[in-house]
Amino acid sequence: MHLHVNRLCVSLSGTDIVQEVTLRVGAGQFVGLIGPNGCGKSTLLKSIYKVIKPRQGSVMLSELDVLRASPKAVAQKLGVVGQFNDLSFDFTVQEMVAMGRTPHKGLLEADNRQDSLIVEEALRRVNLEHYAQRSYNSLSGGEKQRVILARVMAQQPEFLILDEPTNHLDIKYQLQILTIVRNLGIGVLAALHDLVLSAKYCDYLYVMKKGQVVASGIPEEILTKALIGDVFGVACETYINPVTGELGIAYLDSVPQVREQVH
Ligand SMILES: Nc1ncnc2c1ncn2[C@@H]1O[C@H](COP(=O)(O)OP(=O)(O)OP(=O)(O)O)[C@@H](O)[C@H]1O
């Protein structure tokens, strides 16, 4: 499935938080959304997955008009990993992951053998197969994050939205989770903070600043010293990593004159 967000505007408490954002994610494409804290990434993602109602604009997942469709119709196609995953009630890890099957079930329909196999496989993919009976609330932040990813995999969505999916994860699991997500072969829109990882994994990036998309393109082309200075206010040098052949970024300092050079 592909995603087409057209001229989306979101206002909260009378302030324009997202302004005329248009973006596309092709089928099977891994697209990153980057930008400084508070620029509107989460608000944009929440308005795409129906938690916040936009003031204007449209969201199409292939032929599905997301803003008009029922939550269940959207959940059958769209998986979401949001930023905060704390629960008031406790569930086992297995119960948490099994919740991913809900959009595919009828009212009061019990899980069947196939659902159990899907849940087992999802837990195996995030290396938590031995945690099935553990209490979710007793897990560390990184383990919780992997359970949430297993849940979204059990949902078998056709498109994924991820808001900081590697929050809390150590470097091994950051790499593992991003590799798993990329290998799912479905369209993904992910807000990411790590620019080097976003260059490594994303096919395409949208850069946000103050609620607007200010640049977009393939990572190697748009992640320039000038753009990083302008958008994040950080001086850096970019280079090709001689070991990996991938984009590297050496952060130098936060110097205001970098911003002046760009304008
Ligand atoms: N309900 C609200 N009322 C008013 N302003 C809000 C509301 N919710 C969020 N905001 C503001 O909207 C702006 C964008 O927030 P958002 O969480 O979308 O940013 P973000 O780019 O995801 O940031 P981060 O990288 O820190 O997660 C922030 O300045 C935030 O304080």
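Me: Which helix gives the most to the shell around the ligand?
Reply: A residue is near a molecule if its C-beta atom, placed from the backbone, lies within 6 Å of it, and helices (H or I, at least four residues) and strands (E, at least two) are DSSP runs, numbered from the N terminus. In this predicted model, helix 1 gives the most to the shell around the ligand, with 3 residues. Helix 1 (41–48) and strand 2 (15–25) each supply at least two residues of that shell, whose members include S13, T15, I17, K41, S42 and T43.

Me: How should I read the numbering and the limits of the model?
Reply: Residues are numbered from 1 along each chain as its sequence is written. Because the model is predicted, local features need pLDDT of at least 70 and side-chain atom pairs count only at pLDDT 80 or more, while totals for chains, interfaces and linings use all residues.

Me: Which strands pair with strand 1, and in what sense?
Reply: Two strands pair if DSSP finds at least two bridges between them. Strand 1 (residues 3–12) runs antiparallel to strand 2, with 7 bridges joining them, and is also antiparallel to strand 4 (residues 56–61), over 5 bridges. L3 stands opposite V25 in strand 2 and opposite L61 in strand 4, while V5 stands opposite V59 in strand 4.

Me: What lies between the strands of the hairpins?
Reply: Strand 1 and strand 2 have 2 residues between them, and in this hairpin S13 takes a positive phi near 45 degrees. The hairpin of strand 4 and strand 5 also has 2 residues between its strands, with S62 in the turn at a positive phi of about 50 degrees.
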